Amino acid sequence: MNFDCIVIGGGAAGLMCAATAGYRGRRVLVIEHSNKVGKKILMSGGGRCNFTNYSIEPGNYISHNAHFCKSALSRFTPSDFIELVERHGLAYHEKTKGQLFCDNKSQDILNILLTECEYAQVEIRTKCSVDSIERIDEHFALQTSIGTLTCSSLVVATGGLSIPTMGASGKGYDIARQFGLQCTSLQASLVPFTLQNRYLQLAQSLAGLSLEVDVSCGAQHFNDPLLFTHRGLSGPAVLQISNYWQKGEEVCIDFLPGKTLSDIFAQAKQDKSKAELKNIIAQHMPKRFVHAWLAEVSESLPLPQYSHRQLQDIAAHFHQWRLVPAGTEGYRTAEVTRGGVSTEDVSSKTFEAKHVAGLYFVGEVLDVTGWLGGFNFQWAWASGYCAGQVI
Ligand SMILES: Cc1cc2nc3c(=O)[nH]c(=O)nc-3n(C[C@H](O)[C@H](O)[C@H](O)COP(=O)(O)OP(=O)(O)OC[C@H]3O[C@@H](n4cnc5c(N)ncnc54)[C@H](O)[C@@H]3O)c2cc1C
């Protein structure tokens, strides 16, 4: 029951950290309170785990300290994880924008981590919950459901709050507070928006329809698909911008990025087109969307019947839809938690708490949140690896 290192949380960061330390000859135990390790890996990427991205930059992460992620991301890069994947003979492919997915299924990524843990002689105990943690001299004593455990290095890798049914808990934040570390405010992120009233009805009438948009909030914008749902808006574009959105803020959506409707109308007028407006617009985007969207501001008449001013207003309706989402779907469907253990209180090199020797925090529990596209797993691998080098 005495270990060099105990890792609380058998997810992406915890397993990577444990294997890395195990290979260094450390006696490591991973304790996981649910019945299985790596549940989020299994459900990730639609079952194919978007395990990293070819192009990882610090700018792909949100944190109160934008510099915090730099060191780990440069010391454990996408190439390092790809090398591991290839060493295990796993087939993968790039889907879009540098995002790497397994050809087969997410279980393959979890199997790699479990094999690495086995080679590194890491012990894993599932269904093990921690009741209390005490610091005694140079050690930590954990009262758990499998008895008292002690270690000299304690790693908190409990992840965020999203998808509580998959084992998510706020334990990591509680441990941080117990030892005097600050936590920033927490929010469900990479999450669909909910709408209300007229906007909700509109979204419901278009549910299932997806189209490429440019969505912006403040200075940040993303060009990706948007999906209308029965609750509001989802799809990669919406999940991405949710990382930058605060309740009450306005979001602006361009439903026809890269084209200019007023130019299209001007050209049609010059060509003396007598076509109905909806048919002119529908040459550039889904008909079902055009009919519903145009009906919001105008009936569809033959082009010559519109004034220049009316056409400008209709173009703006398609290019600059400004809305304030009612909220988000919350932790039930969010991919990540934005915010976490304050980066002010943790070393960006070792991930050790600055004022508590031997206590480490890795992965999503920290105030570092990545974009959609493999960035969150890369953070888990990188932070877990760097802590695993020193514990
Ligand atoms: C549906 C979904 C899809 C996703 N898809 C992707 C994707 O394709 N690519 C990507 O990069 N990111 C994706 N993510 C995000 C990614 O899964 C997380 O950012 C990543 O898993 C974080 O790793 P972690 O090890 O910090 O936390 P987790 O992987 O969440 O692991 C934390 C572990 O700690 C355990 N735990 C919690 N509390 C306790 C406790 N008190 N005692 C013991 N154990 C505890 C949990 O059960 C869990 O096993 C997705 C997330 C979701 C929800």
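How many residues of domain 1 are in contact with how many residues of domain 2? To get there, let's start with the overall layout, keeping in mind that this is a predicted model. As for the contact itself, five residues of domain 1 meet four residues of domain 2. On the domain 1 side, those residues are three nonpolar, one polar and one charged.

Now let's look at the ligand. It has 39 residues around it, and the ones that come nearest are Gly9, Gly11, Gly159, Gly167 and Gly363. The top contributor is α13, with four residues. Sort the shell by class and you get 15 nonpolar, 18 polar and six charged residues.

One of those helices, α1, also has a packing partner worth a look. Two packed helices are described by the angle between their axes and the distance between the axes. For α1 and helix α5 (residues 107–119), the angle is about 30 degrees and the axes are 8 Å apart. Angles under 35 degrees count as roughly parallel, so that is how α1 and α5 run relative to each other. Their crossing is left-handed. Where they touch, Leu15, Met16, Ala18, Ala19 and Gly22 of α1 meet Leu113, Glu116 and Cys117 of α5. That contact is made up of six nonpolar residues, one polar and one charged.

Conventions: Residues are numbered from 1 along each chain as its sequence is written. This is a predicted model: local features need pLDDT of at least 70, side-chain atom pairs count only at pLDDT 80 or more; totals for chains, interfaces and linings use all residues. A residue is near a molecule or strand if its C-beta atom, placed from the backbone, lies within 6 Å of it. Helices (H or I, at least four residues) and strands (E, at least two) are DSSP runs, numbered from the N terminus. Ala, Val, Leu, Ile, Met, Phe, Trp, Tyr, Cys and Pro count as nonpolar, Asp, Glu, Lys and Arg as charged, and the others, Gly among them, as polar. Axes are lines fitted to C-alpha atoms, for helices over the stretch in contact, and angles run from 0 to 180 degrees between N-to-C directions. Angles under 35 degrees count as roughly parallel, over 145 as roughly antiparallel, 65 to 115 as roughly perpendicular and the rest as oblique. A crossing is left-handed if the near helix is turned anticlockwise from the far one by less than a right angle, and right-handed if clockwise. Two residues are in contact if their C-beta atoms, placed from the backbone, lie within 7 Å.
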